[in-house]
Amino acid sequence: MFKSFSLGSKIAVAIAIFALGYSISVTLSTMGDLRQSSQLGLLTRESVPGALTMQEARFVFGTTVSKHQDALMTGDSELLDGVTKSNAQVLELLASVQQHQTQLELDAAKSQVALAAVKRFGDEATPLFTAIAEKGIADTDVQQQLTAFNENIALVQKTLLALEKDIEGRLIAGLDEIS
């Protein structure tokens, strides 16, 4: 059947087949590029800022703990204002991350635990300072409060680190998908 076509017709069919293959190739490549662009957009809008926010939250919480320890060591109640402000900043940062937890594919339970533990830190910081100032560090009730307070600090640090690692893992997985 193909022998009955003239040479010009055969060349035209070959060019048409080549053009069709090229068109399909360009279309598939464009679709892949659009998918990658969409994925990259999501990463830049959600994952990168989320990871940076979690790093900032961990840093600010560490500063908050240091400020509280300074207040306990010096007995200066004025330092507690800085503790309260820093703790409020950590809560704001966590709230910001929670707003995007669906896009970041975060475990909602982890972020709730972190938020509750940070709130508990803020709620217990001043009463612990007052108890130490009034009763002294050697008092058994104060010791129990201090132990529970330090356990809460460890929980916050562990949970914030886990959330940060989750976001970083999502970022790395997203970048791996693109390449």
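1. A search of the whole structure finds three salt bridges, a salt bridge being a side-chain nitrogen of Lys or Arg within 4 Å of a carboxyl oxygen of Asp or Glu. Side chains of opposite charge can pair when their charged atoms come close. This is a predicted model, in which local features need pLDDT of at least 70 and side-chain atom pairs count only at pLDDT 80 or more, while totals for chains, interfaces and linings use all residues. Residues are numbered from 1 along each chain as its sequence is written, and side-chain values use heavy atoms, with hydrogens and water left out.

2. One of the salt bridges joins the side chains of Glu164 and Arg58, at 2.4 Å from N to O. This pair links distant parts of the chain, since Glu164 is in helix H5 (residues 140-178) and Arg58 is in helix H1, 106 residues apart. Helices here are DSSP runs of H or I with at least four residues, numbered from the N terminus. Glu164 counts as buried at 5% relative accessibility, whereas Arg58, at 35%, counts as partly exposed; buried means under 20% relative accessible area, exposed means over 50%, and partly exposed lies in between (1.4 Å probe, protein chains only).

3. Another salt bridge is formed by the side chains of Lys110 and Asp166, at 2.8 Å from N to O. Because Lys110 lies in helix H4 (residues 108-135) and Asp166 in helix H5, the pair ties together parts that are 56 residues apart in sequence. Lys110 is partly exposed, with a relative accessible area of 28%, and Asp166 also counts as partly exposed, at 28% relative accessibility.

4. The side chains of Glu168 and Lys165 meet in a salt bridge as well, at 3.9 Å from N to O. These residues are three places apart in helix H5, so about one helical turn separates Glu168 from Lys165.

5. Helix H2 (residues 79-99) has 21 residues and reaches 31 Å from its first C-alpha to its last, which is close to the 30 Å expected at 1.5 Å a residue; the expected span is 1.5 Å times one less than the number of residues. Which residues of H2 are buried? They are Leu80, Val83, Ser86, Asn87, Val90, Leu93, Leu94, Val97 and Gln98. Seen down the axis of H2, these buried residues fall within an arc of 140°, so they line one face of the helix, the arc being that of the directions from the helix axis to the C-beta atoms. On the other side of H2, Lys85, Glu92 and Gln99 are exposed.

6. His68 lies in helix H1 (residues 7-74) and counts as buried, at 1% relative accessibility. Leaving aside its neighbours within four places in sequence, His68 is in contact (heavy atoms within 4.5 Å) with Leu80, Val83, Phe121, Ala125, Leu128 and Phe149.

7. Together with Leu20, Ile24 and Leu28, Met31 makes a nonpolar surface patch of about 430 Å². Patches are made of residues with over 30% relative accessible area and no salt bridge, with like charges joined within 9 Å and nonpolar side chains (Val, Leu, Ile, Met, Phe, Trp, Tyr) within 5 Å; accessible areas come from the Shrake-Rupley method with a 1.4 Å probe, and for residues only the protein chains shown count as cover.

8. Pro127 has its place in helix H4 and counts as partly exposed, at 40% relative accessibility. Pro127 and Gln145 are 18 residues apart in sequence and 9.3 Å apart in space, C-alpha to C-alpha.

Methods: Helix = DSSP H or I, 4+ residues; strand = E, 2+ residues; numbered from the N terminus.
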